[in-house]
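Open the model in your viewer and keep the selection tool ready.

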Amino acid sequence: MTLGKAHGIGDVVISVRPFADYVAQFALSDPMLRGGRVLDCPGGASDFAAAVRNMGGHATSIDPCYGVGTARLTQRITADLTRVLVWTAAQTDRFPIDEHRVWCHAPAWRAAADAFLADFRRDRDENTRHYQPGALPRLPFPDDSFTLAVSGFLLFTYPRQFDVDFHLRALRELLRVAAEVRVHPLNGSAGNPYPMLETVLGRLAADGIRVDLISVPGQSDTRDTQTLRLTRR
Ligand SMILES: C[S@@+](CC[C@H](N)C(=O)[O-])C[C@H]1O[C@@H](n2cnc3c(N)ncnc32)[C@H](O)[C@@H]1O
């Protein structure tokens, strides 16, 4: 076990959280997934949206990383997964490892990356536009395009890279395109609570947004036990 001060991952990583992690961390129900129009922003290399479509739902992913071809994206995902494995192996008190000293979540992440890349390739071949390049705080969708937007491991996760103004503009933009927005986690990648959370939530409440915090089981990091739910009134 490597004990010591938790540290953040540094530059924004393209991560690969599997569908099951999304369901748990965003407290998602079957009817929300099958019956609604779901936006995953940022989608990263997660297989979440592909799995929602496989169960008969509608899901779209957006991420700046989708602006390159499949070969380049595959290289970036592989390099970033290596970065995650080095980062997790250096903090084994926070991220459990197996008998080969590899993070326990690595097999599930690799399987999710394979599923994502197969679906990304299919999307490019069939031009179904399920994966669209784009970046917060501007999204290429009309108002009210989605019933639900989920946003994992970008907002609040990188407090050094993104200031309060960016967070507010990003959350207002997500609320423009979706009636409900869920954000997880509320900690930075070093595991500490996002320091400006009260400021951001206070401004959204002043806009008339309903703000709730939901308790969830931590997935990749057991400290990540809260999800933000924002609803337009
Ligand atoms: C840590 S990953 C999270 C991916 C996925 N939600 C997950 O949990 O596995 C962060 C993602 O944010 C994307 N990103 C970086 N800047 C962004 C922006 N301004 N707007 C939207 N996505 C952005 C990156 O390309 C990266 O794929």
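A residue counts as buried when its relative accessible area is under 20%. Keep that cut-off in mind; this is a predicted model, and the stops below use it.

**Stop 1: the cysteines.** Select C65. Its relative accessible area is 3%, so C65 is buried. Are the two bonded or apart? A disulfide is a covalent bond between the sulfur atoms of two cysteines. Here the cysteine sulfur closest to that of C65 belongs to C41, and at 11 Å it is too far for a bond. The cut-off for a disulfide is 2.5 Å between the sulfur atoms. The count of disulfides comes to zero. C41 is in none, with the sulfur of C65 as its nearest cysteine sulfur, 11 Å away.

**Stop 2: the aromatic rings.** A pair of rings is described by the distance of the centres and the angle of the planes. Across the whole structure, a search finds 15 aromatic pairs. Select Y66 and Y131. They form an edge-to-face pair, 5.5 Å centre to centre with 80° between the planes. Which parts of the chain does this pair link? Y66 sits in the loop between β2 (58-62) and α4 (70-89), while Y131 is in strand β3 (residues 131-132). The two are 65 residues apart, so the pair links distant parts of the chain. Both Y66 and Y131 are buried.

Next, pick F141 and F146. Their ring centres are 5.0 Å apart and their planes stand at 90°, so this pair is edge-to-face. F141 is buried, at 10% relative accessible area. F146 is buried too, at 7% relative accessibility.

Then select F19, Y22, F26 and F48 together. These four form one aromatic cluster. Hold on to Y22 for the next stop.

**Stop 3: the ligand.** Select the ligand and show its surroundings. How many residues surround the ligand? There are 20, and Y22 is among the closest, along with S15, P42, D63 and L136. By class, the shell has 14 nonpolar, four polar and two charged residues.

- S15: a polar side-chain atom lies 2.8 Å from a ligand oxygen atom.
- P42: a polar backbone atom is 2.7 Å from a ligand nitrogen atom.
- L136: a backbone N or O atom lies 2.8 Å from a ligand nitrogen atom.

Finish with the surface. On its own, the ligand has 600 Å² of accessible area, and the protein covers 93% of that.

How values were computed:
Residues numbered from 1 in each chain as written. Predicted model: local features only at pLDDT ≥ 70, side-chain atom pairs only at ≥ 80, totals over all residues. Heavy atoms only, no water. Near = heavy atom within 4 Å. Polar contact = N/O pair within 3.5 Å; in protein donor to acceptor, adjacent residues only side chain to side chain. Areas by Shrake-Rupley, 256 points an atom, 1.4 Å probe, with all protein chains shown as cover. Nonpolar A, V, L, I, M, F, W, Y, C, P; charged D, E, K, R; others polar. Buried < 20%, exposed > 50% of the residue type's maximum accessible area, 1.4 Å probe, protein only. Phe/Tyr/Trp six-rings, centres within 6.5 Å; stacked < 30°, edge-to-face > 60°. Helix = DSSP H or I, 4+ residues; strand = E, 2+ residues; numbered from the N terminus.
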